[in-house]
Amino acid sequence: MRSLVTERPPKPIIPKPIIAIRNIWKTYAMGEAEVRALRGVSLTIDRGDFVAIMGDSGSGKSTMMNILGCLDVPSKGWFWLDGVDVRGLDEVALSQVRSRKIGFVFQSYNLIPRTTALANVELPLAYAGVRPKERRARAVAALEAVCLEARLDHLPSEMSGGQQQRVAVARAIVTNPSMILADEPTGNLDTAAAEDVMAIFNRLNAEGRTVVLITHEADIAQFAKRVIRLRDGEIVEDRRQAAVEGLPPRLAESSTIRTAGATS
Ligand code: ADP
Ligand code: MG
């Protein structure tokens, strides 16, 4: 019989943060002058968090998004994405990291026109070399996850803005990325459609997906578990609204209301 006493205690499981950036600077050359878009930003984001990055126009949000999404590289500083040291990766390696680890959602949906919802969602899988049959099954599942299973054959022009953005969310999650990165995803939507899209982010986060969302709208930031505010390229506020391990705040609220309703 093995002795329990001599057995080594298990190593504590320390979850790697999905994002760790240290002292990131981004400087753009503007003729003779330099624009310092990010000035020594450090930030750690845990797996499973739901983070809103806020700030006025020109505060550095898009610059931050481009760096977090490996679309651009910092001028200076350290960046680990899901444990990978991103510094020094060439364009090919960066694009691989991007396609494996990040699901992008943009303000303007960026769907391919004259192409069905299903084909739009299948596209990242086609690039990844997934076979047609599996591609189709996974794309259908992703469209079901955004409640668009009845719109598989619709073209972008045949869908509302809210529906198009949900197709874009399906396209972002179909590759099973480590993180969803959304830049003003509700910027073009009316209140009802914005709520629908945010309800989907809520659910994805409740299922354990990390969501990082850029917004200048306070209403939208209320959905996040953590709110970070940029001003002139620096973090000036970092506020936690709900625990990383728990439900996103608006989902927690509505399930409390439901529970309260059920027991009364
Ligand atoms: P936000 O998304 O919060 O509006 P940005 O990250 O787009 O802010 O911009 C931050 C600052 O960097 C601004 O002063 C902007 O003018 C400048 N900037 C952004 N992109 C470039 C670029 N490609 N070339 C020069 N300056 C830029
Ligand atoms: Mg911007």
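Analyst: Two strands pair if DSSP finds at least two bridges between them, where strands (E, at least two residues) and helices (H or I, at least four residues) are DSSP runs, numbered from the N terminus. Tryptophan 80 stands opposite aspartate 85 in β5. This is a predicted model, in which local features need pLDDT of at least 70 and side-chain atom pairs count only at pLDDT 80 or more, while totals for chains, interfaces and linings use all residues. Residues are numbered from 1 along each chain as its sequence is written, and chains are lettered from A and ligands numbered from 1 in the order in which they are written.

User: What makes β4 and β5 a pair of strands?

Analyst: Two bridges join β4 (residues 76-81) to β5, and at least two are required, so they pair; the two strands run antiparallel.

User: How do you know which strands are at the edges of the sheet?

Analyst: The open sheet has the order β2-β1-β4-β5, with antiparallel pairing. β2 (33-45) and β5 (84-85) are the edge strands, since each pairs on one side only. Further in, β1 is joined to β2 by 10 bridges, with threonine 27 partnered by arginine 36 in β2, and β1 pairs with β4 over five bridges, where isoleucine 21 has phenylalanine 79 as its bridge partner.

User: Why are α3 and α4 called oblique to each other?

Analyst: Axes are lines fitted to C-alpha atoms, for helices over the stretch in contact, and angles run from 0 to 180 degrees between N-to-C directions. Helix α3 (residues 117-127) and helix α4 (residues 132-145) pack at about 120 degrees, with their axes 9 Å apart. Angles under 35 degrees count as roughly parallel, over 145 as roughly antiparallel, 65 to 115 as roughly perpendicular and the rest as oblique, and α3 and α4 are therefore oblique.

User: Why is proline 156 called buried?

Analyst: A residue is buried if 20 or more other C-beta atoms, placed from the backbone, lie within 10 Å of its own, exposed if 12 or fewer, and partly exposed in between. Proline 156 has 20 other C-beta atoms within 10 Å, so it is buried, although it lies in the loop between α4 and α5 (161-173).

User: What is proline 156 in contact with, leaving aside its neighbours within four places in sequence?

Analyst: Proline 156 is in contact (C-beta atoms, placed from the backbone, within 7 Å) with Leu111, Pro113 and Gln164. Proline 113 is 43 residues from proline 156 in sequence, yet their C-alpha atoms are 6.1 Å apart in space.

Note on methods:
Two residues are in contact if their C-beta atoms, placed from the backbone, lie within 7 Å.
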